[in-house]
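Trainee: Could you take me through this model before I start on my notes?
Mentor: Gladly; let us look at it together.

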Amino acid sequence: KREEAERRALEEEHQKAVVRAAQLAKEEAEQEAHREQQETDDMTLAEREQRAWEERQQHAQKREEAERRALEEEHQKAVVRAAQLAKEEAEQEAHREQQETDDMTLAEREQRAWEERQQHAQKREEAER
């Protein structure tokens, strides 16, 4: 029974602390709102217009920065995707070439090597001209 009473007492203390913390937070928020309202009331029209202009400028800068970051992220994703596609394409080409090579007989490989040497020689001769 004593433990139960202590537990209830602790729960009550905790509940009171929670209620008091909420009350303090509410009072603090009300004081802040009152202070801000007092500052606004004390401003001249010119000061209010100046503050509004500055706030619009800050919002515009934040929006531009967010747009710039979004464009950079899109660009980075595109670069990564292009690199991935190029890698996949190169792997497919290498696989295709390996498959062709595997399928050739020795004579076919020798014939192809000779043809490739002829093509390179022709290209070199054309380049020299």
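Trainee: What does the C-alpha trace span along its principal axes?
Mentor: The spans are about 95 × 70 × 15 Å.

Trainee: And what pLDDT does the protein average?
Mentor: This is a predicted model, in which local features need pLDDT of at least 70 and side-chain atom pairs count only at pLDDT 80 or more, while totals for chains, interfaces and linings use all residues. Residues are numbered from 1 along each chain as its sequence is written, and side-chain values use heavy atoms, with hydrogens and water left out. The average pLDDT, the predictor's confidence in each residue from 0 to 100, is 90, and 97% of the residues score at least 70.

Trainee: How many of the residues count as buried?
Mentor: Of the 129 residues, 3% do, buried meaning under 20% relative accessible area, exposed over 50% and partly exposed in between, with a 1.4 Å probe and protein chains only. His 14, for instance, lies in helix α1 and counts as exposed because its relative accessibility is 52%.

Trainee: Switching to salt bridges, how many does the structure hold?
Mentor: There are 11, each being a side-chain nitrogen of Lys or Arg within 4 Å of a carboxyl oxygen of Asp or Glu. One of them joins Arg 68 to Glu 72, with the closest N and O atoms 2.2 Å apart; these two residues are 4 apart in helix α2 (residues 45-103), so about one helical turn separates them. Arg 68 is partly exposed at 36%, and Glu 72 is partly exposed at 43%.

Trainee: Which residues are joined into one network?
Mentor: Salt bridges that share partners join Glu 4, Arg 7, Arg 8 and Glu 11. Within helix α1, Glu 4 and Arg 8 are 4 residues apart and their closest N and O atoms lie 3.5 Å apart, whereas for Arg 7 and Glu 11 the closest N and O atoms are 2.3 Å apart.
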